[in-house]
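I opened this entry to keep track of what I looked up. The notes follow in the order I took them.

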Amino acid sequence: MCQVPVSDPMLLANFCRLAKTCGMKKIAVLITLICFGLILVACVSSPEKKVEDKKPAGPVCGDGKIEGSEQCEAALPLGKSCQSLGYAGGTLMCKKCRYDQSKCVAAPKKDWNVDRNRWRRRGGRGSCPYVYLFDGERYRYHTDLSGSVLAKGMDFFQPEHYGPNIYKLENFQAHDGVYRLKAREVIYEASFFDKAELLIVDVPIGHEVFNTWSFTSQLGHESERRFVSTRDLRPPIRATDDKGRDVLKQISRADDRPLPVAEDGLSRVELDFGPIEHPEHAKLIITAWGHYADLRGKQKPPYAAGTSIETLDENGKWRIRMITGKAAGDARSWAVDIGGLLKAEDGRLRITMAHLPSVLDVLDAVRLDDSKPVPIKVTRLSPRLARLQDEGAASVRSSTLKHSIEAVDDHLPPIKDAMLTGHYTRFGEVGELIASSDDRFVIMVHGDSLLLEFKAVAENPLMRRLIFLEADVFYTLKYHPFGQVTSNNEPLPFHGMTRYPYDFEDWPHAKDEAYLDHLKRWQTRKVLLPKRFKTLSPPDERKSP
């Protein structure tokens, strides 16, 4: 209510002036009373309506309509399935109008239809050990541990940038309260296993988790190992290879049906993800594997030891904006943070995978996510059991340009030519050797198997659980695609070495009596090859431990 002096003769004639005096934008009721020399005015207002400033109402979850950013409505049939999203099966659910993929089951690695006459053709390509996960009935091959390569006389490897590696164990479940896996040395190598931990990663339901680890040592730095959450992974809306062919089908899903490439070509693809709502949170999930072969004469310089990511400049030319790590060994997916690299209205980029004279990366899938990061809880588990045992050779098939590694957990006679002369760890419990990265290795020869068991921890029903393995592993190549590298597993590697092999005086444990006692106590098995196996290491190799 406002009071206006009756002495103001213009008040009754100027309605707008009265409105201003009362401080109202609109007068709904005007009552004038002359009393005691005052005009009493009662003003009742209604809110101002500025249609042009009001934002349209957003989608309402639960109203039975799929609108805006909603993916689903609980009362409506789902428009997608686990299979259509790239999984082998399972049940897709709708929670808070978003697809919940927590009950979807990823496609397992195929068991090779074993041809007993072909398994000896395995050769020395790839990286080891191979990891087999227990599914409640048997162990199934899942991936390899690409590790940190030791190759005598090959200076392009940079061991000073090696470190632990992280591997996602898709759909790995505990049985009877225990996670069981084994790492088998099945190809032409010797492995030095220094540490193993299971990483239990919990994230809010409806989200997925990837790690940023990839092979970066040849780029001159150790790879970061950071977990990244995703929510709405989506393939590009367009994809063409360097010949202009439509390859959207080949790179939309991680399904072991890769981008076509020849040994003299490049795994290169131009992508368009369309408009991006939150480019500041954009990240790519790349799935790829390595094809190992002697590509000299096929791959031409300039070579690339990493994955290049390009965008268009103001002149419409592709410019490299980032070089990230490469694939290593078998197929795996890793996250690449490209926050701020793309514009909201322009989701175009070009990716070229690593290409070297001995390896060509094969691209299986590229997807994008721009969801806001959510809290991730990581719990580290040390093995309750670590036992080294003999399991012989296994049926395996190398990765090619058309498929990733395939393997079976069978038990075949060991291949003598796959072994390296040297000392190896005694069979039995070896838990103390893989408790920390301290150069006290479980040394494995062809045919060895490291059985690991981890006690499961209670789950939070409001969180989705994913499992990763962090492993610190070196491996010595017996054969490289260019030919034989060595016939023995010496010298012992150590963390911080800048080259391999190194000078004996650089070995940090030469005067460490405790370490030398450890070698005498643990590395008691000796493998001797027939004399016809000769080392092809450089002739000036120095004496080493």
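I began with the link of Cys61 and Cys97, which is right-handed, with 95° about the S-S bond. It ties distant parts of the chain: Cys61 sits in the loop between β3 (38-41) and β4 (89-90), and Cys97 in the loop between β5 (93-95) and β6 (98-100), 36 residues apart. The sulfur atoms of Cys61 and Cys97 are 2.1 Å apart. I took a disulfide to be a pair of cysteine sulfur atoms within 2.5 Å. Helices (H or I, at least four residues) and strands (E, at least two) are DSSP runs, numbered from the N terminus.

I noted the ground rules here. This is a predicted model, where local features need pLDDT of at least 70 and side-chain atom pairs count only at pLDDT 80 or more, while totals for chains, interfaces and linings use all residues. Residues are numbered from 1 along each chain as its sequence is written, and side-chain values use heavy atoms, with hydrogens and water left out.

Next I checked accessibility. Buried means under 20% relative accessible area, exposed over 50%, partly exposed in between (1.4 Å probe, protein chains only). Cys61 has 44% relative accessibility, so it counts as partly exposed. Cys97 has 4%, so it counts as buried.

How many disulfides does a search of the whole structure find? It finds two. The other record in my notes joins Cys72 and Cys94, with sulfur atoms 2.1 Å apart. Its torsion about the S-S bond is about 95°, so this disulfide is right-handed. Cys72 lies in the loop between β3 and β4, Cys94 in strand β5, 22 residues apart. Cys72 is buried, at 2% relative accessible area.

**A sheet**

I then traced an open sheet of six strands, in the order β9-β8-β12-β32-β26-β30, with antiparallel pairing. Strands β9 (139-144) and β30 (428-429) stand at the edges with a single partner each, so one side of each has no neighbour in the sheet. Two strands pair if DSSP finds at least two bridges between them. Seven bridges join β12 to β32. Tyr179 stands opposite Phe454 in β32.

**Cores**

Last, I looked for nonpolar cores (sets of buried Ala, Val, Leu, Ile, Met, Phe, Trp, Tyr and Cys residues joined through side-chain atoms within 4.5 Å). The largest has 40 residues, and Phe193 and Leu198 have the most contacts inside it. Strand β13 gives the most to this core, with seven residues. Another core lies apart from it, with 28 residues, among them Tyr424, Tyr475, Met497 and Tyr515.
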